[in-house]
Amino acid sequence: MVFDHDMTIVDSSYAIMAGFNYVAEHEGLPKVSHELTMKYIATPIPTFCEGLLGEYRPEWVKMYRENNERFERELIRPFEDTIPTLTALRKMGLKLAVLSNRETPRRVLERTGLIEYFDEVVGALEPYGHLPYKPNPAMMNELLRHMNIPAGETVYVGDADLDIVTAKAAHVRAIGITKGNFSREEFELLGAWKSIDTLSELITIAEAEQDAVH
């Protein structure tokens with residue numbers, strides 16, 4: 001079972017909001033709300049910048065990225081059911097991995113204490129060198145090759161449309177989780193195998209799949 005990172009196993013929305021509020025304060029712009037931040041979660045960065053700050057300026061994005069790590073350190077937290085769910089899945093014998101468009105997701109997983117639950121962590125720069133971002137399936141394909149696990153025995157859990165597209169391109173079953181900005185109905189229209197509201201639902205799904213195999 002492979003997981004996206006942001007808004008799938010951790011709530012990064014408050015760190016994102018704080019980063020854009022840093023830019024807003026610096027530029028004398030209105031404060032960004034959490035509700036507005038959630039509205040633009042998982043959209044391309046120019047769209048995100050326009051939605052939160054009124055327009056897209058590359059220098060604003062640069063300022064956000066240069067300062068956001070400290071907000072992430074303070075504000076990114078696992079969802080309440082993340083650790084219990086990962087613990088249960090590991091006890092069931094599943095191999096677990098993270099696949100994220102973050103360039104180096106291992107660093108934030110170490111800070112949140114989640115790194116110990118995963119057999120492999122894949123980002124755009126680690127551990128296989130530079131690979132294309134999702135929805136290109138290259139990261140997923142390389143992960144499956146490295147772990148020697150067939151695509152047909154893999155699921156990818158994510159909160160956004162690009163996660164579903166990535167999974168389908170790699171011939172992996174996709175599970176959409178409604179922690180971000182997409183509903184169950186939207187995930188189904190995108191072709192997700194299943195959609196869930198909480199990570200704990202994955203335990204029941206995994207149990208059903210194991211029963212079917214046995």
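Lys and Arg count as positive here and Asp and Glu as negative, with His and the chain ends not counted. I also noted where a charge is placed: NZ of Lys, CZ of Arg, CG of Asp or CD of Glu. With that settled, I looked up the charges and got 22 positive and 34 negative side chains in the protein. The centres of the two sets lie 3 Å apart.

**Ground rules.** This is a predicted model, so I kept in mind that local features need pLDDT of at least 70 and side-chain atom pairs count only at pLDDT 80 or more, while totals for chains, interfaces and linings use all residues. Residues are numbered from 1 along each chain as its sequence is written, and side-chain values use heavy atoms, with hydrogens and water left out.

**Whole protein.** I looked up the helices and strands next, which are DSSP runs numbered from the N terminus (helices are H or I, at least four residues; strands are E, at least two). The protein has 10 helices and 8 strands.

Then I checked the radius of gyration, taken over C-alpha atoms, against the globule rule of 2.2 Å times the number of residues to the power 0.38. For 214 residues a compact globule would come out near 17 Å, and the protein has 17 Å, so the two agree. The box filled by the C-alpha atoms is roughly 60 × 35 × 30 Å along the principal axes.

For burial I used relative accessible area: buried is under 20%, exposed is over 50%, and partly exposed is in between (1.4 Å probe, protein chains only). Of the 214 residues, 49% count as buried.

Taking contacts between residues at least 6 apart in sequence, 57% join residues at least 24 apart.

**T166.** I found T166 in helix α8, residues 161-169. Buried or exposed? T166 counts as buried, because its relative accessibility is 1%. Its side chain reaches the backbone oxygen of L162 at 2.6 Å. Leaving out residues up to four places away in sequence, T166 touches K134, P135, N136 and P137.

**Cis bonds.** P135 made me look at peptide bonds, and the one from K134 to P135 is cis, with omega near 15 degrees. P135 sits in the loop between β5 and α7. The bond from E126 to P127 is cis too, with omega near -5 degrees. P127 lies in the loop between β5 (120-122) and α7 (138-147).

**Positive phi.** I looked up A42, where phi is near 75 degrees, a positive value in a residue other than glycine. A42 is in the loop between α2 (34-39) and α3 (45-53). It counts as partly exposed because its relative accessibility is 32%.

H171 has a positive phi as well, near 65 degrees. I placed H171 in the loop between α8 and β7 (173-177). At 64% relative accessibility, H171 counts as exposed.

**P30.** Last stop: P30, in the loop between α1 (13-27) and α2. Its relative accessibility is 64%, so P30 counts as exposed. How far apart in space are P30 and L52? I read 9.1 Å from C-alpha to C-alpha, for two residues 22 apart in sequence.

How values were computed. Contact means heavy atoms within 4.5 Å. A polar contact is a pair of N or O atoms within 3.5 Å; within protein, one must be able to donate a hydrogen and the other to accept it, and residues adjacent in sequence count only if both atoms are side-chain atoms.
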